[in-house]
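Please look over the following protein model before reading the notes below. The briefing is arranged by topic.

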Amino acid sequence: MQISRVILITFLICFFFTPIEAQENTTLGNLQGVIYDDYGIVPFANINIEGTSYGSSSDINGIFKITNIPVGTYTVAASFTGYTQVKKKINIKPGDNKTSFTITKGTSLDEIVVTGTLKAVRRSESPVPVEIYSPAFFKKNPTPNLFEALQNVNGVRPQLNCSICNTGDIHINGLEGPYTLVMIDGMPIVSGLSTVYGLSGIPNSLIERVEVVKGPASSLYGSEAVGGLINIITKDPNAAPELSADVFASGWGETNLDFGFKTKLGKATALVGINYFYYDQIIDKNDDGFTDLTLQDRISIFNKWNFNRKSGKNFSLAGRFFYEDRWGGENEWDKTFRGSDQVYGESIYTTRYELLGSYELPINESITLSFSYTDHDQNSYYGDVSYQAKQRIGFSQLTWDKKLKSHDLLFGAAFRYQYYDDNTPATNTNNQNDPEETRIPGIFIQDEITLANSHKLLLGSRLDYDDSHGTIFTPRLAYKWSINDKNIIRLNAGTGFRVVNLFTEDHAALTGSREVIIEEDLRPEESYNINLNYIKKFFFNNGTFIGLDTSAWYTHFTNAILPDYETNSLEIRYGNLDGYATSTGISLNSNINFSNGLKFRLGLSALNVSNTENGERSRQILTESVTGTWGISYKIQTLSLTLDYTGNLYGPMRLPTLGPNDPRKSDSPWWSIQNIQFTHKSKNNIEIYGGVKNLLNWTPNRGNPFLISRAEDPFDNNVQFDQNGDVLPTPENPYGLTFDSTYIYGPNQGIRGFLGIRYTL
């Protein structure tokens with residue numbers, strides 16, 4: 001009996017446990033897939049199942065496989081250095097389970113930034129909100145220069161100021177271009193005279209990233225950084241591709257070529273970049289007798305060196321040469337008419353040299369000497385009006401970065417020298433040429449205090465001395481509260497100042513028939529700003545990410561210098577505003593990334609920029625009330641094909657009409673520029689891209705009888721004036737207008753296709 005029981009128990013154990021063992025073998029699964037980024041596969045990426053020891057890495061073809069995983073639901077994370085980690089919730093079933101991950105490089109979630117505090121910190125650690133835009137962002141809507149590339153950045157608008165020569169500037173949060181400081185590698189390269197045409201000569205192929213700070217930054221960067229700044233960070237020669245080439249052409253006949261390579265000479269590494277742009281088509285879609293787009297022949301050559309020193313300290317030196325020949329005007333114009341009063345044309349020759357560098361002293365302390373020099377020569381004619389101008393700017397800055405316990409200190413001393421000479425009354429004293437020379441020394445200090453793990457306070461101040469205006473003091477304060485890694489609040493407050501260079505900044509002072517009247521000695525403009533910023537991040541188990549970045553701001557200006565077009569139709573009057581100006585608004589940026597490769601980048605800003613004088617308030621001219629931007633991307637992995645749909649939307653803005661009889665609209669309509677692009681990347685790093693720009697075929701002449709007033713009489717030969725200098729309406733001139741080309745608020749180019757090819761080694 002005992003034996004039979006033993007046999008029975010043994011049989012039952014074998015019966016029950018054998019199937020269990022077999023069942024456990026069937027409850028294991030495998031996970032396999034491919035890791036992608038925006039442009040192809042990602043080899044050697046890491047894949048981990050959170051809460052377990054299971055993991056793997058992708059091979060040279062981006063393929064990974066994890067075997068013998070117990071069935072169940074897990075959170076799987078894919079990561080790679082320089083990319084944002086992506087997580088997915090995956091249900092592992094018996095057998096093989098397939099999936100894929102798309103990770104993104106340069107998403108600006110937590111990249112290194114330098115602009116906000118003049119030192120390299122992670123974006124999440126900076127008390128100053130800094131926006132970052134990578135080359136991948138600009139490739140979604142390829143353009144021949146940085147000026148046009150910024151059209152899809154929320155709160156930043158490239159503003160055209162002349163429908164003939166296409167001069168332009170960059171507005172931040174509705175403020176005019178001269179309030180925006182544009183820098184290259186932290187040096188104030190694009191300023192003064194170059195704000196008019198110099199922005200067109202910065203090739204996109206040299207850009208590592210673009211950092212944008214909205215709001216006054218004068219406490220670190222001095223004059224011109226009143227409304228905000230744009231810092232173009234060029235590529236590090238050591239990390240740049242061996243060879244890169246990018247060429248595209250549009251249906252209008254525009255041709256753009258970017259070519260770059262790096263080489264090593266001894267212990268130094270050199271990066272060379274060449275940009276060439278050519279456009280020679282006379283196109284007049286609106287039939288006003290004038291070119292719709294300025295004809296251009298432009299070349300820019302950039303050379304940057306990194307010297308590898310034994311001390312490990314950085315030493316870089318860069319130079320750029322820029323030359324451009326551009327003209328726009330009546331369709332029959334050629335260079336034989338340059339400067340004449342027979343056929344109207346605006347012809348500008350620009351020659352420019354730049355030198356900039358950074359040298360870390362070979363000592364134990366972190367002390368850096370930065371320097372730059374620019375030489376800008378503009379030889380131009382606006383009809384028969386000659387404008388010959390030269391500007392030389394030298395800049396040097398010494399900074400000392402010192403950490404003491406909870407204090408991260410930055411001390412600095414700067415010196416700016418500016419020489420300016422032209423053939424206008426700006427440099428004429430008692431009928432003698434009197435070039436303007438300005439010397440501005442300054443010192444500044446910044447203390448970033450870590451109050452607690454999640455609280456930082458930044459205090460800063462700057463003291464500058466201007467030859468003409470004396471001592472100028474600009475303090476600022478910033479506070480950051482990191483509630484957790486998904487919620488960050490920043491509060492910034494500060495002041496700014498700007499010394500005005502009238503003829504170098506306002507194209508309207510040169511073109512047309514208006515006389516420039518400077519009513520008084522212009523005092524420096526001053527601003528006071530407060531900005532509240534909130535960042536919120538959402539991570540979902542299916543791999544979806546949503547990032548929200550919202551800001552609200554208020555800026556108050558005193559001594560604002562604004563052009564008065566309305567007092568007299570024949571004059572532009574300049575003087576300090578007897579009152580104040582304000583800029584208020586709120587903006588929202590959002591990034592939405594889905595694990596299937598679909599991505600959204602959306603931005604919306606509502607702003608109000610106004611001037612108050614003698615108790616009367618008016619909207620600032622050429623300032624939109626609402627602006628929106630978007631970029632939608634989707635990659636079809638199996639075809640290696642990426643679709644990009646980008647665009648912007650602008651609300652109404654007040655336009656510079658020539659008086660109550662002007663039949664052109666006094667306010668712009670809602671308008672939008674939209675683009676679509678298809679990009680295919682092969683395994684040998686060749687990208688072929690093409691698409692359509694301005695899908696809606698929108699141009700500012702819609703709904704207007706004309707854009708250029710008196711286009712048939714550009715030298716005002718048939719305009720009659722009364723004894724006070726006012727225009728008399730006549731049968732030939734029923735609206736009482738003069739020739740004027742400044743009524744422009746958007747590009748004249750309509751719909752057009754484009755096609756390009758890129759190669760990177």
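**Briefing on the predicted model**

In the hairpin formed by strand 18 and strand 19, where 4 residues lie between the strands, Gly253 takes a positive phi near 100°. This is a predicted model, in which local features need pLDDT of at least 70 and side-chain atom pairs count only at pLDDT 80 or more, while totals for chains, interfaces and linings use all residues. Residues are numbered from 1 along each chain as its sequence is written, and side-chain values use heavy atoms, with hydrogens and water left out. The protein has 6 helices and 45 strands; these are DSSP runs numbered from the N terminus, helices being H or I of at least four residues and strands E of at least two.

**Overall make-up**

- Of the 761 residues of the protein, 55% count as buried, where buried means under 20% relative accessible area, exposed means over 50%, and partly exposed lies in between, with a 1.4 Å probe and protein chains only.
- Among the contacts (heavy atoms within 4.5 Å) between residues at least 6 apart in sequence, 63% join residues at least 24 apart.

- Strand 18 (residues 243–250) and strand 19 (residues 255–265) pair in the antiparallel sense over 7 bridges, two strands being paired if DSSP finds at least two bridges between them.
- Within this pairing, Phe248 stands opposite Asn256 in strand 19.
- Strand 19 also pairs with strand 20 (residues 268–279), again in the antiparallel sense, over 11 bridges, and here Thr263 stands opposite Ala270 in strand 20.
- The hairpin of strand 19 and strand 20 has 2 residues between the strands, and in it Gly266 takes a positive phi near 65°.

- An open sheet is formed by 5 strands in the order 11-16-17-14-15, with mixed pairing.
- Its edge strands, each pairing on one side only, are strand 11 (131–133) and strand 15 (187–190).
- From one strand to the next the twist averages 30°, with axes taken as lines fitted to C-alpha atoms (for helices over the stretch in contact) and angles running from 0 to 180 degrees between N-to-C directions.
- Strand 14 (residues 180–184) and strand 17 (residues 228–234) run parallel and are joined by 5 bridges; the bridge partner of Met183 in strand 17 is Asn231.

**Nonpolar cores**

- The largest nonpolar core has 29 residues, and those with the most contacts inside it are Phe138, Leu150, Val156, Val210 and Ile230; such a core is a set of buried Ala, Val, Leu, Ile, Met, Phe, Trp, Tyr and Cys residues joined through side-chain atoms within 4.5 Å.
- Among the elements that give two or more residues to this core are helix 2 (135–139), helix 3 (146–149), strand 12 (156–160) and strand 16 (207–214).
- Not counting residues up to four places away in sequence, Ile230 touches residues including Leu150, Ile170, Leu181, Met183 and Val210.
- A second, separate core of 18 residues includes Ile35, Val42, Ala45 and Ala78.

**Cysteines**

- A search of the whole structure finds 0 disulfides, a disulfide being a pair of cysteine sulfur atoms within 2.5 Å.
- The sulfur of Cys162 has its closest cysteine sulfur in Cys165, 3.7 Å away, which is too far for a bond.
- Cys162 is buried, with a relative accessible area of 0%, and Cys165 likewise counts as buried at 0% relative accessibility.

**Salt bridges**

- The whole structure contains 27 salt bridges according to the search, each being a side-chain nitrogen of Lys or Arg within 4 Å of a carboxyl oxygen of Asp or Glu.
- Glu50 and Lys87 meet through their side chains in a salt bridge (3.0 Å, N to O); the pair links distant parts of the chain, 37 residues apart, with Glu50 in the loop between strand 3 (46–49) and strand 4 (55–57) and Lys87 in strand 7 (residues 86–92).
- Glu50 is partly exposed, with a relative accessible area of 38%, and Lys87 is partly exposed at 32%.
- Asp185 and Lys304 meet in a salt bridge (3.4 Å, N to O), in which Asp185 is partly exposed, with a relative accessible area of 26%, whereas Lys304 is buried, with 9%.
- Glu354 forms a salt bridge with Arg320, the closest N and O atoms being 2.7 Å apart, and both residues are buried.
- Salt bridges that share partners join Arg710, Glu712, Asp713 and Glu732 into one network.
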